[in-house]
Amino acid sequence: MTAPRSSELLAKAYAAAPQGRMANPRLLIDQTLKAGAEIALDEGQARHVGTVLRLDAGDGLRVFNARDGEWRATVSTKTKRGMSVRIEALLREARATPDLDLLFAPVKRHATDLIVEKAAELGVRRIRPIITQRTIAETVRIDRLQSIAREAAEQTERFDAPEICEPLSLARALDGWDASRPLIYADEAGDATPLLQALSIWTAGVPPANAGGPCKLAVLIGPEGGFTPEERRMLRALTHVIPVSLGPRILRAETAAIAALSVVQSAWGDWREA
Ligand code: SAM
C-alpha cells in the first residue's frame, strides 16, 4: 500500500475541520496577482484545486507568490474544460526566505523526496543536487522535486517555492563557489567541530554587518556512502568551507539534512524572529 501524499492528507484535514478552524488552502500562482484579476489555472493546478482539494465554484482559497504576496481569492469557474480563480484582496505582503542553500547528494527516491519536502518546510531558498563520488547513480527528476517543493511551500505559509537546481558534480560546484557564502559541510568523520560551536566560532570573526549570522550560506550533506577521503581533503582545503559534526552518531542523509538545517535556522536564520 502506498502512503497518501501530504496534499491528500491536507485535503482531508480541510474537509474535516470545523468552519473557521483552518485557514483556506493556499495555491502558488506565478502570474501577476492583483485585485479583480481573473486567472485561469493550468491543468496541474486545476487538478490539485478541483480534485485533490475538492474546491467548487464559490469556494475560497489563498493564492500567493514571492513577488505579489498572498491574496484572498475565490474559485470563479469550474468546468470540465478548466478552472479559474478571481483575486480579491491582499492578505499579506511577501517576505523573503533566508538566503540558505541545501546541497545534498541524491539518495534513494523516497529519501530524496523527503529531503526536498523538509528543506522546503525548514525555509531553504535553493536546493542543489550534488553528484559526489559515492552518489547512487539514480536519475534526479527535477520536475518531480519541483512539484514536491511547491506543495510543501503551499502548506507552510512561505511565499516562494525553493528553486531546484540542475545536478552538478561536487568539483564543479566548488569550482565556481562564491566565497562570500560560507559552506557548512556535514563531515561524518568524527573529528570536526560540533555544528553549534562551529557557527559561534565563525560568527565571532565576521564583520558587524553580519553579526548574529551571515545573510547567505549553504549546507552540504553527503550520500549514504559518505564522502571519499579525496573529497574530504578537497573540502577541508577551502577557507569558505566550515566542516562540522552533527554529533556522535552517524545519521542517515535525510536525518542529517533536517538536523543541520534546523540548527542553522535556529542559530543564524529566521527561526530567531518572533
Ligand atoms: N557511510 C558513512 C559512514 O558510515 O561514515 C555515513 C554517511 S551518512 C549516512 C550521510 C551524510 O550525512 C554524511 O556524508 C554527512 O554529510 C551526514 N552525516 C551523517 N551523520 C553525521 C554526523 N554525525 N556528523 C556530520 N555529518 C553527518
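**Figure 1. Surroundings of glutamine 265 in the predicted model.** Glutamine 265 is in contact (heavy atoms within 4.5 Å) with Pro98, Leu100, Leu122, Gly123, Asp270, Trp271 and Arg272, when its neighbours within four places in sequence are left aside. This residue belongs to helix H8; helices (H or I, at least four residues) and strands (E, at least two) are DSSP runs, numbered from the N terminus. With a relative accessible area of 1%, glutamine 265 is buried; buried means under 20% relative accessible area, exposed over 50%, and partly exposed in between (1.4 Å probe, protein chains only). A polar atom of the glutamine 265 side chain lies 3.0 Å from the backbone nitrogen of aspartate 270. The model is predicted, so local features need pLDDT of at least 70 and side-chain atom pairs count only at pLDDT 80 or more, whereas totals for chains, interfaces and linings use all residues. Residues are numbered from 1 along each chain as its sequence is written, and side-chain values use heavy atoms, with hydrogens and water left out.

Figure 2. The ligand is surrounded by 19 residues, the closest being Ala186, Glu224, Leu246, Arg249 and Leu251; a residue is near a molecule if one of its heavy atoms lies within 4 Å of it. An N or O atom in the side chain of glutamate 188 is 3.0 Å from an oxygen atom of the ligand. A polar backbone atom of glycine 222 lies 2.9 Å from an oxygen atom of the ligand, and a polar backbone atom of glycine 247 lies 3.0 Å from a ligand nitrogen atom. Taken alone, the ligand exposes 580 Å², and the protein buries 85% of that; accessible areas come from the Shrake-Rupley method with a 1.4 Å probe, and for residues only the protein chains shown count as cover. Strand S13 (241–245) and helix H8 (253–267) are the elements that give two or more residues to this shell. By class, the shell has 10 nonpolar, 5 polar and 4 charged residues; Ala, Val, Leu, Ile, Met, Phe, Trp, Tyr, Cys and Pro count as nonpolar, Asp, Glu, Lys and Arg as charged, and the others, Gly among them, as polar.

**Figure 3. Arginine 92 in strand S5.** Strand S5 (residues 82–92) includes arginine 92, which counts as partly exposed at 29% relative accessibility. The side chain of arginine 92 makes a polar contact with that of glutamate 157 (3.2 Å); a polar contact is a pair of N or O atoms within 3.5 Å, where within protein one must be able to donate a hydrogen and the other to accept it, and residues adjacent in sequence count only if both atoms are side-chain atoms. Leaving aside neighbours within four places in sequence, arginine 92 is in contact with Arg26, Gly69, Glu70, Glu157 and Phe159. Glutamate 70 is 22 residues from arginine 92 in sequence, and their C-alpha atoms are 5.1 Å apart.

**Figure 4. Glutamine 31 in the loop between strands S1 and S2.** Glutamine 31 is partly exposed, its relative accessible area being 37%. Not counting residues up to four places away in sequence, glutamine 31 touches Ile39, Ala40, Asn65, Arg67 and Asp68. Between the C-alpha atoms of glutamine 31 and aspartate 68, which are 37 residues apart along the chain, the separation is 9.3 Å.
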